[in-house]
Amino acid sequence: MDFTLNENQTMFRDMVRDFTRKEIAPIAQQMDEENGMPAELVEKMKASGFFGIAFPEQYGGLGADTITYGLVVEELAKASAGVCVMLTVHNSVGSYPVAMYGSEQIKQEFLPRMAAGEIAAFCVTEPGAGSDAASITTTAKRDGDDYILNGSKIFVTNGQRAAFYVVMARTPGTTGHKDTHAFIVERGTPGLVVGKKEDKMGLRASDTAVVDFEDMRVPAAQLLGKEGDGFKIAMSALDGGRIGIAFQSLGIGEACLAEAVRYAKTREQFGKPLIRQPVIGGMLADVGTELEAARLLALQAAWLKDQGQPYGKQAAMAKLKCSEAAGKAADTAVQVHGGYGFCKEYAVERYYRDVRVTRIYEGTSEIQRLVIARYLGQEY
Ligand SMILES: Cc1cc2nc3c(=O)[nH]c(=O)nc-3n(C[C@H](O)[C@H](O)[C@H](O)COP(=O)(O)OP(=O)(O)OC[C@H]3O[C@@H](n4cnc5c(N)ncnc54)[C@H](O)[C@@H]3O)c2cc1C
């Protein structure tokens, strides 16, 4: 078993680490306070190829493997989880359905533009359909060479910023997952209405918005896969997306551990640094161990994907373990900082808020357990 990263993986990681230290970390707190992201930062990331990391080279992307992509996501999350989620949604669930299920014409039309920085979003969740994605009610009615979509999506990451939306909808009058369809829709399509941006607890640099469809006409050529493939496409996109969220969680968790250790080395109580107080040292050791174990799961899931092997179970396990380990890391980091950990002056306060959603989006921890239990039921 070889745990060594290859030259390409190390090069990408170091390049992104350098970028995040210079361009993202210094303004992370400001973005959190201002509830947004400067346009100049997005332009710099476009110029550095960040929006095409996971895209095939033939469509203008960098063609990075999943491990490399994970390392990049981790570095971004250490600096700003909000910037990170904009890029992970774009590079995974927002574009993967097009790359995997789009016709050649659709791929050629949309993927190079996405890889160049026209941002993608993924629209499944609705007011009445969250964990149970098969219960969506947005309709897609066939009308000649078009479909007409009506409905409302919520919590759409990149909702306000996106140029493209992958949208799940169903044949009117149906229920269940069989009659759901996936479409790629361009911003500016008449009937696509971008609504309000959520005022969130964390990930405040990212935009999360409502997107409505009011008699929106979409050419049948923009159907991804076949009619009825919508649920399958959404689930396979989420399998890959979960690997990204696992690495995002790791990035936040490691940032918490680093802050907590640095603080514990300098803060003295009872005549010695906190890190030398056995209880605090033990808490930090537990966090470090949990993160390391979680990292192995995330790397294994990414490796399986790169080998073309099934990875759904490991992706769910990695997402569950990494998000929970990172949550514990953030909680411990605040605790180690004492009262200062509760104040905005210290980064751990932001990490504590940012990390919380990793146990909720792209499938809650409860849903990951359901998915894992389903795999185990088939295996034994
Ligand atoms: C910041 C943010 C960004 C997001 N980005 C996107 C996006 O880009 N695109 C998109 O489509 N969606 C997005 N989402 C939506 C996200 O995926 C959902 O919030 C998530 O899937 C949970 O759905 P819900 O909020 O409706 O909760 P519910 O499904 O209503 O769940 C509520 C609670 O019940 C639990 N629960 C539900 N069913 C079961 C069960 N069978 N067994 C045990 N427990 C259960 C859940 O685990 C949860 O704890 C985003 C959400 C947030 C907060």
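**The ligand and its shell**

Reply: The ligand is surrounded by 17 residues, and the closest are Thr125, Ser131, Phe155, Thr364 and Glu366; a residue counts if one of its heavy atoms lies within 4 Å. This is a predicted model, where local features need pLDDT of at least 70, side-chain atom pairs count only at pLDDT 80 or more, and totals for chains, interfaces and linings use all residues. Residues are numbered from 1 along each chain as its sequence is written, and side-chain values use heavy atoms, with hydrogens and water left out.

Me: Which element gives the most to the shell?

Reply: β3 does, with three residues. Both β3 (146-157) and α12 (365-379) supply at least two; strands (E, at least two residues) and helices (H or I, at least four) are DSSP runs, numbered from the N terminus.

Me: And which domains does the ligand lie between?

Reply: Domain 2 (120-227) and domain 3 (232-379) both give residues to the shell, so the ligand lies between them. The bounds come from an automatic or database domain assignment.
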